Amino acid sequence: MELIIKKKKELGKTKPFVQWRFLVTKYNENEIEKAKELAKKINVDKLEFSQLRSDMGKELFKGDETKFEETKEWFPKEEKYRKYNFLTKKRKYVPKGCPFLWKQTLINWDGSISPCCSCYDARFDFGNMFESNLKTVWNGEKYRAARKLIGRGKSNKIKTICSNCLTNGFLD
C-alpha cells in the first residue's frame with residue numbers, strides 16, 4: 001500500500017483509491033490503534049475496520065446459528081466489531097435484498113461469470129465471457145431468473161444459487 005500511495009503522489013494522481021480493510025478478530029483487535037497510526041502515516045485514502053464473516057465459500061448454504069458456532073472462537077471482545085449477537089446467535093443486521101444482481105458481477109480469471117463473490121463453485125456460474133459476452137450473460141436466462149426471484153419473490157423453472165440467500169439471509 002505504501003508503495004502504491006508513494007507512486008500515486010509522485011505522479012500527482014488521485015487514483016487508485018487505496019482502501020485498507022482491516023478484518024478484526026480476537027487475535028488482532030489489539031492492533032487497531034497501530035493500524036490507525038500506520039494508515040495516517042502512509043496516507044491511506046480510507047481505513048475500514050471490518051467484521052468477521054464465516055467461510056465465504058460456504059456461507060450461502062448455512063443459517064446464522066451455524067455460521068455463529070463455526071466462527072465464534074475468532075470473534076473480537078469488542079462488541080462493535082462483532083457481526084453476531086451472542087444471545088440470539090444471529091447477525092445484528094441482515095440485508096433485505098441483494099444489490100449484486102442489478103449493480104455488479106464477478107468475472108473470474110477463466111472468464112466464468114458469477115452472480116456474487118461468495119459463489120466459488122463453477123456449477124453456480126451464470127455464464128462465461130469466453131463462450132459469450134457480458135451483455136448476453138447479464139441479460140441471460142439465469143440473471144433474469146435470479147432477479148425475478150430476488151426482486152419479486154417469484155420463482156421459476158430455472159434454479160440459481162440466489163435461492164440460498166432467500167433461505168439463509170442475504171450477504172452483507
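**Helix 3 and its cover**

I started with helix 3 (residues 64-71) in this predicted model. Here I found Asp64, Lys67, Phe68 and Thr71 buried. Why do they lie on the same side of helix 3? They do so because they cover an arc of only 100° around the axis. Next I looked up what covers these buried residues, and the list includes strand 3 (84-85), strand 4 (90-91) and helix 7 (163-168).

**Strands 1 and 2**

I then turned to strand 1 (residues 19-24) and strand 2 (residues 46-51), which run parallel and are joined by 6 bridges. Val24 stands opposite Gln51 in strand 2. How does the chain get from strand 1 to strand 2? I followed it through helix 2 (residues 32-42), and this β-α-β crossover is right-handed.

**The nonpolar cores**

Which residues touch the most other members of the largest nonpolar core? I noted Leu101, Phe126, Ile150 and Cys162, out of 19 residues in that core. Helix 4 (100-103) and helix 6 (141-152) are the elements that give two or more residues to this core. Helix 6 supplies the largest share, 4 residues.

Leaving out residues up to four places away in sequence, Cys162 touches Leu101, Pro115, Phe126, Ala146, Leu149 and Ile150.

My last entry is a second, separate core of 11 residues, and among them are Val24, Ala39, Ile42 and Val44. Val24 was already in my notes, as the residue opposite Gln51.

How values were computed:
Residues numbered from 1 in each chain as written. Predicted model: local features only at pLDDT ≥ 70, side-chain atom pairs only at ≥ 80, totals over all residues. Heavy atoms only, no water. Buried < 20%, exposed > 50% of the residue type's maximum accessible area, 1.4 Å probe, protein only. Arc of directions from axis to C-beta. Contact = heavy atoms within 4.5 Å. Pairing = 2+ DSSP bridges. Right-handed = clockwise from strand over helix to strand, strands pointing away. Core = buried A, V, L, I, M, F, W, Y, C linked by side-chain atoms within 4.5 Å.
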